[in-house]
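Dear colleague,

I am handing over the structure we spoke about, and below it you will find an account of what turned up in it. Please read the account with the model open beside you.

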Amino acid sequence: MSDNFVIKVRLASGELVSLQVPSENTPISEVKRRLAEHTQLPVQRMRLLFNSSILADDQNLESY
């Protein structure tokens, strides 16, 4: 598929953050790490949701 694409994450505060990730095979744990770099939020306190489901750290973006 494509390399380097952008995903958008809406924070609980309503702020929209754009993150560039290398591929759809990027693990959710890596997405959280990159998000932590942008927001200073601790990875351990993050819960990412997609279609009302919590994303598992050991899955990749493509699985959702």
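Predicted model: local features only at pLDDT ≥ 70, side-chain atom pairs only at ≥ 80, totals over all residues.

Salt bridges

In helix α1, Glu 37 and Arg 33 lie four residues apart, which is about one turn of the helix, and the two form a salt bridge in which the closest N and O atoms are 2.3 Å apart. Side chains of opposite charge can pair when their charged atoms come close. Arg 33 also forms a salt bridge with Glu 30, with 2.6 Å between the closest N and O atoms; these two residues, again both in helix α1, are three residues apart, about one turn of the helix. Glu 30 in turn forms a salt bridge with Arg 34, where the closest N and O atoms are separated by 2.9 Å, and this pair is spaced four residues apart in helix α1, once more about one turn.

Through the partners they share, these salt bridges join Glu 30, Arg 33, Arg 34 and Glu 37 into one network. The structure as a whole holds four salt bridges.

The largest pocket

The largest pocket holds about 590 Å³ of space. Of the 20 residues that line this pocket, Val 9, Arg 10, Arg 47, Leu 48 and Leu 49 are the closest to its centre. Two or more lining residues come from each of β1 (5-10), α1 (28-39) and β3 (49-50), and β1 gives the largest share, with four residues.

Arg 47 deserves a separate look, as one of the residues closest to the centre of the pocket. Arg 47 is found in the loop between α1 and β3 and counts as exposed, at 65% relative accessibility. Its C-alpha atom is separated by 14 Å from that of Pro 27, a residue 20 positions away along the chain.

Backbone at two loop residues

Most residues other than glycine have a negative phi, and with that in mind two places in the backbone may be worth checking in your viewer. Gln 40, which is not a glycine, has a positive phi of about 65°; Gln 40 is placed in the loop between α1 and β3, and with a relative accessible area of 66% this residue is exposed, because exposed means over 50%.

Ser 52 has a phi near 65°, likewise a positive value in a residue other than glycine. Ser 52 lies in the loop between β3 and β4 (53-54) and, at 75% relative accessibility, also counts as exposed.

With best wishes

Key
Residues numbered from 1 in each chain as written. Heavy atoms only, no water. 1 Å grid on protein atoms, 1.4 Å probe; cavity = no way out; pocket = protein on both sides within 12 Å on 5 of 7 lines; lining within 4 Å. Points joined across faces, edges and corners; volume = space filled by probe spheres on them. Buried < 20%, exposed > 50% of the residue type's maximum accessible area, 1.4 Å probe, protein only. Salt bridge = Lys/Arg side-chain N within 4 Å of Asp/Glu carboxyl O.
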